Amino acid sequence: MMDPKQHPSFDGHEDVVFVGGESQGFAGIIAVHSTAIGPAAGGCRIWDYDSVGDALTDALRLSRGMTYKNAMADLPLGGGKAVIYRINTDRVDAFQKFGDAVEKLGGRYITAEDVGATVADMRAIAGRTSYVAGIPKEHGQAGGDPSPMTALGVFVSIKSMLGGSVDGRTIAVQGVGAVGFNLCRLLSAEGAKLVVADVNKANLARAEALGVEIAPVDQIHAVSADLFSPCALGAGLNVQTIPELGAPLICGAANNQLATEEDGARLVARGITYGPDYVVNAGGIINVSAEYLGEAADVVEGRVRAIATRLNTVLDMAKAENIPPHQAADRIVRERIAAAKKN
Ligand code: NAD
């Protein structure tokens, strides 16, 4: 088995555990990046990777990303992530055994849904461990689909970047799936003009009912707009797209929007202000954490709206220190983690 410590994406992760195996009917990796602030929380991704090495890369990067997202959102949680790269038995059985592996970590890792996972999978895990979120709750309790809260966090961030109102402003939205569509609804209700693109025809048709304009998928980033909102996949801001961007502001839900570290500086060089992804898209994890901590649904919205204030702090710091916003965000997080380690 490969040594995670030798992997280029290894970043002092506290624990990287290969779980499952031939006899277990599934195989995966649980990466605990940091528990300095609290138990490592982050979803379980089920994906058909080309190699175990690719699965490890994802687990290492995503778990580190969760440490940053959770710390920035002021949640009492560290960062972790699980990936399952093979299931060759009954799905319920596989997730029960995965639940046993989560239980074995004794609460250092809390799992939830991510790409490829379902509520049914979370229920199977919950049969074996209590360290799981993502299960619909009774009325009044936080929980369930996190995407409306993610959309709300992006919406308040966009509004703030546009000076307090979206009325009459043009916003280009890339991807109108769970988050993108909810975002479009919020923006449209407050008078924004929307231009959207999506590879999925059904999702596009649903957005069209809001009276949006449609742009080609390969042109949406270049649309002349007040703000561009990436809500599809990661790495959309890269050496090819940055010179073509048609808006001076960027703020969207997609994870890992910058393809590389240098792309943050490329945006600055073009005079484009980027609202760092993990600062603005934390609404979902804020919702999931409230569910896990058994809090009431109505505490969540206030916390999600506070994302706009946090974004302002990050953008102000970037300006004052003359560094790209994503670096300002990282700096704030690293200070928080260092302070937590001292206590
Ligand atoms: P989703 O799968 O529901 O929506 C993604 C949409 O993007 C789909 O409609 C898909 O067809 C479209 N798409 C894919 N490739 C595209 C392309 N090249 N051009 C245009 N559209 C394309 O996913 P989601 O839950 O809405 O999440 C969107 C993004 O936000 C993802 O990057 C996700 O990781 C991130 N995110 C989601 C949440 C959440 O609460 N769901 C929380 C934080 C971050």
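Helices (H or I, at least four residues) and strands (E, at least two) are DSSP runs, numbered from the N terminus. By that numbering, alanine 235 sits in the loop between strand E10 (227–230) and strand E11 (249–250). The model is predicted.

**Ligand surroundings**

- The ligand has 22 residues around it, and those that come nearest are Thr150, Val179, Asp198, Asn203 and Ala232.
- By class, the shell around the ligand holds 12 nonpolar, 8 polar and 2 charged residues.
- Two helices, H4 (147–161) and H5 (178–189), each contribute at least two residues to this shell.

- Asparagine 203 has a polar side-chain atom 2.7 Å from an oxygen atom of the ligand.
- In alanine 232, a backbone N or O atom is 2.7 Å from an oxygen atom of the ligand.
- In alanine 253, a backbone N or O atom is 3.3 Å from an oxygen atom of the ligand.
- On its own the ligand has 830 Å² of accessible area, and the protein covers 72% of that.

**Second largest pocket**

- The second largest pocket contains about 290 Å³ of space.
- Its lining is made up of 13 residues, and Thr273, Leu315, Ala318, Lys319 and Pro325 lie nearest the centre of the pocket.
- Strand E12 (273–274) and helix H11 (307–321) each give at least two residues to the lining of this pocket.
- H11 supplies the most, with 4 residues of the lining.
- The lining divides into 8 nonpolar, 3 polar and 2 charged residues.

- Threonine 67 belongs to helix H1 (residues 52–72).
- Threonine 67 counts as buried because its relative accessible area is 3%, and buried means under 20%.
- A polar atom of the threonine 67 side chain lies 3.3 Å from the backbone nitrogen of glycine 79.
- Serine 157 is part of helix H4, which also supplies residues to the shell around the ligand.
- Serine 157 has 0% relative accessibility, so this residue is buried as well.
- Serine 157 and valine 304 are 147 residues apart along the chain, and their C-alpha atoms are separated by 10.0 Å.

- Alanine 235 is not a glycine, yet its phi is positive, at about 60 degrees.
- With 37% relative accessibility, alanine 235 is classed as partly exposed, because this class lies between the 20% limit for buried and the 50% limit for exposed.
- Asparagine 322 is another residue other than glycine with a positive phi, here near 55 degrees.
- Asparagine 322 is placed in the loop between H11 and helix H12 (325–342).
- Asparagine 322 has a relative accessible area of 70%, so it is exposed, the cut-off for that class being over 50%.

Methods:
Residues are numbered from 1 along each chain as its sequence is written. This is a predicted model: local features need pLDDT of at least 70, side-chain atom pairs count only at pLDDT 80 or more; totals for chains, interfaces and linings use all residues. Side-chain values use heavy atoms; hydrogens and water are left out. A residue is near a molecule or strand if one of its heavy atoms lies within 4 Å of it. A polar contact is a pair of N or O atoms within 3.5 Å; within protein, one must be able to donate a hydrogen and the other to accept it, and residues adjacent in sequence count only if both atoms are side-chain atoms. Accessible areas come from the Shrake-Rupley method with a 1.4 Å probe; for residues, only the protein chains shown count as cover. Ala, Val, Leu, Ile, Met, Phe, Trp, Tyr, Cys and Pro count as nonpolar, Asp, Glu, Lys and Arg as charged, and the others, Gly among them, as polar. On a 1 Å grid over the protein atoms alone, a cavity is a set of points where a 1.4 Å probe fits but cannot get out, and a pocket is an open set with protein on both sides within 12 Å along at least five of seven lines; lining residues have an atom within 4 Å of a point. Grid points are joined across faces, edges and corners, and a volume is the space filled by probe spheres set on the points. Buried means under 20% relative accessible area, exposed over 50%, partly exposed in between (1.4 Å probe, protein chains only).
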